[in-house]
Amino acid sequence: MSTEAVLQAPSATHHEAHGDHHHEHHHHETFITKYVFSQDHKMIAKQFLITGMVWAVLGGLMSVLFRLQLGYPDAHFSWLQDILGKFWVEDGRITPQAYYALVTTHGTVLVFFVLTAGLSGTFANFLIPLQVGARDMASPFMNMLSYWFFFIASLVMLSSMFVETGPFSGGWTAYPPLSALGTASPGSKTGMDLWLVAMALFVVSSLLGGLNYIATVLNMRTKGMSMTRMPLTIWALFFTAVLGVLSFPVLFSGFILLIFDRNFGTSFYLSDIYINGVGALPNEGGSAILYQHLFWFLGHPEVYIILLPAMGMVSEILSTNARKPIFGYIAMIGSMFAIAILAFLVWAHHMFVTGLNPFLGSIFVLLTLLIAVPSAIKVFNWLTTLWRGNIRFTPAMLFAIGFVSLFISGGLTGIWLGNSALDIHLHDTYFVIAHFHIVMGVASMFGMFAGIYHWYPKMYGRYLNNTLGYIHFWITMIGAYLIFWPMHYEGLAGMPRRYYDYSIWESFKQFAELNRFISTVAMIVFMTQLLFLFNFFYSIFKGRKVTTLNPWNSNTLEWTTPIRPGHGNWVGEIPEVHRWAYDYGKDGREFIPQTEAVGADESHH
Amino acid sequence: MSTTATVTAPGKWWSGGKSPFNVEYGKLMMWYFLMSDAFTFGAFLIAYGTTRFASNGWPDPNKVFQSYPGMPEGSSAPLVFVSIMTFILIISSVTMVLAVQAGQEMKKKKVVINLILTIIGGLAFLGCQAWEWTHLHHEGAWWGSNPFLNADGTQSSTNFTNFFFTITGFHGFHVFSGVIINIIMLIMTLNNVFEKRGHYLMIEKAGLYWHFVDLVWVFVFTCFYLI
């Protein structure tokens, strides 16, 4: 806890934290309106966060289960059968059907429920009103609906775990014909219907939330908070919301066509199919590639929907804890804008080998590699922000630095995969798994952890335990590399993803030991996340109390609110903003909050 | 630092404390929603276009859509009925404009009349669509079944009917929800809700939606009936 002792600078505004409570505008609040159907953006943020955490545990547990199969393909775990039942485990082994259900649901849940709803749902809700200086979202009611649509989507997705034929098992991308034909596999029956319903509800939730975030950022900024004075978190969440609002509807269209293919005898995605035991199907004239275009038109922006909030929070946390202004603020906004535009123009790089015209592919190669430019700008800006900074290694800062490390490691392999010629060899191998888990999965998870550690004092008025935080960081950081780095080698050797048992393949037998190693580390890392969960829930009730308004000596507006802000955030007037958010180490002062007027003889940044 | 600059200076619109586009949040959300919805329809129509482009043949719309209620046996009137439908929908957009304008002038009676006309227009369009669907259904067209031959006389796939019913159905659903929204607006107007608020902003937002649905029909109409 040594870092925090340093941080506890005496605060002149300390007494204000307690004095003003009785002025607060009190609604009569019951348990239901305060904790369940709350319209307070801070409570909705916590609802998103905790629901996302539940999903993260379930999704993580699924990965542990299928890693168990991959690491120990010959072992028999009869105790697992007692817990999970016959559909999932037979004769002590994860069944092939269950294996595919697990990888599919792991992907869907982590991408959409954890890293979209859990990440931008949490931090867009929590930070946008607090950092732009608004009392709440533009429409608190729609905001509440957004959460509850997500909640119902969660229930439906969860219920698909318990149907007799199992959850959907055709991969998180749900390509037809596996997703379109109930006869194709057990998971393509009720499980797929529930998957579609859950995802449709999720799109509605994301739309309601996204419209709100956009309207709040544009319309509700406090006096003086011009767009170029906004913290980078807000810029990132704004671009995220725009991406979501423009890409999810295309997925929605794709799903509607899929629903018709499943239930109403159409063949939008189906043509000339023969199924064992069923025979030739009447469907003709459609194209499975059409679905892939519609899916990836969402699917690629989705990657940035996941990544941008993490980038924004990392920028904010790095600058705050390096006690230096963010390097290249405008370049950061510009590169996020470039990423947001390019996000819509690269989707076909997921389809290089699915029958895409190679000449068209070359254009997508060019556009894909262009993303390296804004990404590199961001990386260098982060590194130069850290350069010669007076760094405070709080757990949030460690996770933010970890994000930068992972983003570099995973981003570089993206340049390999973006080349359609290399992709012929690497497509659908463990190289791809390694790439996107590092650059998007784990990196964004790190951004999320950084955000949680950093803003926890604002969320709950207490600190997370630092020692547990450091243990959590180091094991997760080292573990992430130990899990995913070796997968690059497996992928280069041609090991395909989604196989149930590699030990029967002569070419992949050599990786038996490595797979066992990866599985072991995965289990250790999963256990470490439970430590974080304990820290999180324990600290809500028993954590050390925050006693100062601005524990990180940060410039942004959320730290001008009371320690436990009520609905409406500020007691009395909303403060006016006079400067950007990154006046750290300026004119001999450690930090200058955004609310402080610009002095007459102050230097320009 | 000088803070006395006039509010009308263009740069000041973005400096916080006010809406940069001078609209309240609801209208801003409506615009973004319409952009989102445009992507939904865009995805449908592009999917339709690529599928049609990849098909060997396609039915001739002049042969498929050549009927109207009570048409004498043996005659044909290509695209006449759908033209009437389109005309009705466009006229309903005009009455919606008049309702919005009346709202801005705070003329309740005029708002009510024009809203009623718009609702009637919307219902008439839906009625026409229902008749057309029924008629096509009787001819054997439905999701998964296409009785029409390609324009060159070859056997056609079901793509034509699949896309036709899905996309016009999705548009019809939008018209339907637009009618519901307009009915709610009418009830609220009659109950003096907007008079008490002092503005008819909600009708403007409903109007935006209604015009959007109209505009989408222009594209749907072009893609299925004209091309």
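1. **Confidence in chain A.** Chain A has a mean pLDDT of 92, with 95% of its residues at 70 or more. The stretch to watch is residues 1–24 of chain A, where the pLDDT is below 50. Beyond near neighbours in sequence, those residues still make 28 contacts in the model. Where pLDDT is low, predicted coordinates should not be read in detail. I would keep that in mind when looking at residues 1–24 of chain A, given their pLDDT below 50.

2. **The fold of chain B.** On to the partner chain. Chain B contains 7 helices and 0 strands, and its pattern along the sequence reads α-α-α-α-α-α-α. Of its contacts between residues at least 6 apart in sequence, 68% link residues at least 24 apart.

3. **The dimensions of chain B.** How does the radius of gyration of chain B stand against that of a compact globule of 227 residues? Chain B has 22 Å, whereas such a globule would have a value near 17 Å. Along the principal axes, the C-alpha atoms of chain B fill a box of roughly 75 × 45 × 20 Å. Buried residues account for 33% of the 227 in this chain.

4. **Where the chains meet.** The contact between the two chains involves 31 residues of chain B and 36 residues of chain A. On the chain B side, helix H1 (25–54) and helix H5 (159–190) each provide at least two residues. H1(B) gives the largest share of that side, with 16 residues. What classes of residue make up the side of chain B that touches chain A? There are 15 nonpolar, 15 polar and 1 charged.

5. **A closer look at Phe399(A).** This residue deserves a moment at the viewer. Phe399(A) sits in helix H14 of chain A, which covers residues 395–417. Is Phe399(A) buried or exposed? Phe399(A) counts as buried because 28 other C-beta atoms lie within 10 Å, and the cut-off for a buried residue is 20 or more.

6. **The surroundings of Phe399(A).** Which residues does Phe399(A) contact, once its neighbours within four places in sequence are left aside? The list is Phe446(A), Phe449(A), Ala450(A), Tyr453(A) and Phe473(A). Turning to another part of the chain, Leu318(A) is 81 residues from Phe399(A) along the sequence, and the C-alpha atoms of these two residues are 9.7 Å apart.

Technical notes:
Residues are numbered from 1 along each chain as its sequence is written. Chains are lettered from A and ligands numbered from 1 in the order in which they are written. This is a predicted model: local features need pLDDT of at least 70, side-chain atom pairs count only at pLDDT 80 or more; totals for chains, interfaces and linings use all residues. Helices (H or I, at least four residues) and strands (E, at least two) are DSSP runs, numbered from the N terminus. The radius of gyration is taken over C-alpha atoms; the globule rule is 2.2 Å times the number of residues to the power 0.38. A residue is buried if 20 or more other C-beta atoms lie within 10 Å of its own, exposed if 12 or fewer, and partly exposed in between; C-beta atoms are placed from the backbone. Two residues are in contact if their C-beta atoms, placed from the backbone, lie within 7 Å. pLDDT is the predictor's confidence in each residue, from 0 to 100. Ala, Val, Leu, Ile, Met, Phe, Trp, Tyr, Cys and Pro count as nonpolar, Asp, Glu, Lys and Arg as charged, and the others, Gly among them, as polar.
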